[in-house]
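Thanks for coming. I will go through one structure, so please have the sequence and the model in view.

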Amino acid sequence: MEFPTRTALAGLGPAEYEALVSLREAVNTLDVELRTALAAEDRARAWEANAEHGAEERRFAFEVEAFRDLGRAAFRCADEIEVLLWRYASAFTVLGISILERLAAGGPPLSDAAVERLCEEPTLAEFERAISVPVDGLLNREEAQLNRRREERAKLLDFIEIAYECLGDTEIDNPKDRATAAGARLSVDHPKNMDRPWTGGHLDTLVALARQTPHEISRVLKT
């Protein structure tokens, strides 16, 4: 899906447009690198299994240990990239929805300071607020397409509830109540040694929504 041209987004201020372009590049690159890291992990696990089978009758099997360590390294790499992808895709999404909101309200372009702030990783509450904005007043779409957009947002609202549960888990050090967790940023505040809340496809849903948003903005600007 190609990014809309500057002409198609002529109703945006320079800061809005440039920030969308920059975040899109970051998200696309991180998404590719995440898939590369996950593929590297899969290859390492396969090599380890094959090496274990071939080493049954041999005295030395250092390759088994090497491939096992390689798999662990690839896992850590993928985990770190997931955190980065969340950080930038969530900011991309919140910025895009904020621009759609200001277009719906007929307001002027967001200021440079406002855009810079929106390009930071959102708190859980900021992300929840953006995802909760009704699509009916934002998007120029047929009802069937609006329903698909609602479903995407519903999946992300489920993810947000999972994140609140993770942050409030009584088994972790310093669990947060909901009010405190609302101010958390998942890239730094997610509990260590706990599965990320975006497992199960939520990160893919977020990336897809982030990529869609500039096209939704372009569609709105045409009306």
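Is Gln212 buried or exposed? This is a predicted model, and in it the relative accessible area of Gln212 comes to 13%. The cut-off for buried is under 20%, so Gln212 counts as buried. On the helices, Gln212 sits in helix 8, which covers residues 202-222. Setting aside residues up to four places away in sequence, Gln212 touches Arg149 and Glu152.

Now the nonpolar core. The largest one has 54 residues. Leu20, Trp86, Leu95, Phe127, Leu186 and Ile217 are the members with the most contacts inside it. Two or more residues each come from helix 1, helix 2, helix 3 (112-118), helix 4 (124-132), helix 5 (143-168) and helix 8. Helix 2 gives the most to this core, 13 residues.

Take Leu186 from that list. Apart from neighbours within four places in sequence, Leu186 is in contact with Trp86, Glu121, Leu124, Phe159, Ala163, Leu167, Pro197 and Trp198.

What is the volume of the largest pocket? The value is about 480 Å³. The lining is made of 23 residues, and Asp79, Glu82, Arg196, Trp198 and Thr199 are the closest to the pocket centre. By type, the lining residues are 9 nonpolar, 6 polar and 8 charged. Helix 1 (14-54), helix 2 (62-105), helix 7 (186-189) and helix 8 each supply at least two residues of this lining.

To link the parts: Trp198 is among the residues in contact with Leu186, and Trp198 is also one of those closest to the centre of the largest pocket. That is where I will stop.

How values were computed
Residues are numbered from 1 along each chain as its sequence is written. This is a predicted model: local features need pLDDT of at least 70, side-chain atom pairs count only at pLDDT 80 or more; totals for chains, interfaces and linings use all residues. Side-chain values use heavy atoms; hydrogens and water are left out. Helices (H or I, at least four residues) and strands (E, at least two) are DSSP runs, numbered from the N terminus. Buried means under 20% relative accessible area, exposed over 50%, partly exposed in between (1.4 Å probe, protein chains only). Contact means heavy atoms within 4.5 Å. On a 1 Å grid over the protein atoms alone, a cavity is a set of points where a 1.4 Å probe fits but cannot get out, and a pocket is an open set with protein on both sides within 12 Å along at least five of seven lines; lining residues have an atom within 4 Å of a point. Grid points are joined across faces, edges and corners, and a volume is the space filled by probe spheres set on the points. Ala, Val, Leu, Ile, Met, Phe, Trp, Tyr, Cys and Pro count as nonpolar, Asp, Glu, Lys and Arg as charged, and the others, Gly among them, as polar. A nonpolar core is a set of buried Ala, Val, Leu, Ile, Met, Phe, Trp, Tyr and Cys residues joined through side-chain atoms within 4.5 Å.
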